[in-house]
Amino acid sequence: MLAGVFRSIASGLKHTRIRPQTLQHYLALQSLHTNRTMKLDKPEFKNLFTPELNRLSELFAKYEYELRIAGGAVRDILMGKQPQDLDFATTATPEEMKVMFEKEGVRMLNTRGEEHGTITARINNKENFEVTTLRVDVVTDGRHAEVEFTTDWKIDAERRDLTINSMFLGLDGTLYDYFDGWTDLQNRRVAFVGDATKRIQEDYLRILRYFRFYGRIAEMPNQHEDSTLEAIRENAGGLGGISGERIWTELKKIVVGNHAAPIMRCMYNLGLPKYIGLPLEGNLDEFDQVYARARDLQPRPMTMVAALLEQPGQMDDIITRLKISIEERKTGLLVMQLRREGEQQTEQLLKHYQGIVLKTPGTEQKQMSDLVCEVLKNKSWSQKCYLTVHV
């Protein structure tokens, strides 16, 4: 019925003079009506409401600011997963939040995020809540953005990377979905919000985020949309300007996630290794085999990356580009060194690996036994073998 009213208004515009602010009011109501998709009544949502979250909600309601759960937590709740981290979005500016929290005696932490609209509040000296003002990216360079605050929820949703990450959840259980994220989530479709090229050029790291979420969401490998892959191919070079730390944060989740082997082949086909520190001629066949053997054994990311490497010198390139830790470097080098020492599980080889651990100084034996276990995962040997080297 309400939609019919709006159609009538629209059809009569050329014959009726309506004040712009009146029309904007009607359009805002229409947007609210069409995007208020459903109410959630899921245990994962109800479990969020600690006394501290209830207090936070009461504060924002008292000062008449909207507060909603944003991003990944909404996605997880819809998938029946209990969120590990909660992010909140609000119509209140950072300054308004600071005034509110100061009046109410709420402690604020780490105000360095204020420039980008984020205030962290500690409620009851027990639970921290990160709350970010709705914003729009005014200027972007593919790595950083200058932002401007807004009170328009759809504009904020539009600046997010993927449709499945662009939803908001009101604390009354109302889902706000502006870009069909819920439909895509149900269909296990991973798609950028709006124009893929524009979203990628706002932050080139979104290329790797796309593949990470593909591994988390998609049911089948290699079901990428051609337009998405073309946008990634054309903008792959932008990853060259992204810091190694940020790239490694995404890459290490990709290589141990679902569909890691076909995703890695796709990334190579699109020319990404040149810009992210992986060898240009990576051993994809070896990666396929190791993934098939070790995927259920929870391998470390470097155990998987090492499968792509043929020469120790290639590890130097990864260390330089991705700034991996000393522990990660040791894992990769040991896997490369020992992976060819027989593929069949034998008592002689187990004793050999146990000897490597025993020869290690006492304070470092636990670390070495963990590293040797990564070699055994590479070979897909049994859990019993892991216990053998933990001496």
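At what angle do α10 and helix α11 pack, and how far apart are their axes? The angle is about 145°, and the axes lie 10 Å apart. Axes here are lines fitted to C-alpha atoms, for helices over the stretch in contact, with angles running from 0 to 180 degrees between N-to-C directions.

A word on the model. It is predicted, so local features need pLDDT of at least 70 and side-chain atom pairs count only at pLDDT 80 or more, while totals for chains, interfaces and linings use all residues. Residues are numbered from 1 along each chain as its sequence is written, and side-chain values use heavy atoms, with hydrogens and water left out.

Back to the helix pair. Helices (H or I, at least four residues) and strands (E, at least two) are DSSP runs, numbered from the N terminus. Helix α11 covers residues 226–235. The crossing of α10 and α11 is left-handed, meaning the near helix is turned anticlockwise from the far one by less than a right angle. From α10, Ile207, Tyr210 and Phe211 meet Thr228, Ile232 and Asn235 of α11. Contact means heavy atoms within 4.5 Å. By class, that contact has 4 nonpolar residues, 2 polar and no charged. Nonpolar covers Ala, Val, Leu, Ile, Met, Phe, Trp, Tyr, Cys and Pro; charged is Asp, Glu, Lys and Arg; the others, Gly among them, are polar.

In the loop between α10 and α11 sits asparagine 222. Its phi is positive, near 60°. Aspartate 180 also has a positive phi, about 60°. That residue is in the loop between β10 (174–176) and α8 (181–186). Most residues other than glycine have a negative phi.

Next, the largest pocket. It holds about 1200 Å³ of space. Lining it are 40 residues, and the closest to its centre are Asp87, Arg135, Arg159, Arg160 and Arg209. A pocket is an open set of points on a 1 Å grid over the protein atoms alone, where a 1.4 Å probe fits, with protein on both sides within 12 Å along at least five of seven lines; lining residues have an atom within 4 Å of a point. The volume is the space filled by probe spheres set on the points, which are joined across faces, edges and corners. α10 gives the most to this lining, 5 residues. The lining has 20 charged, 10 polar and 10 nonpolar residues.
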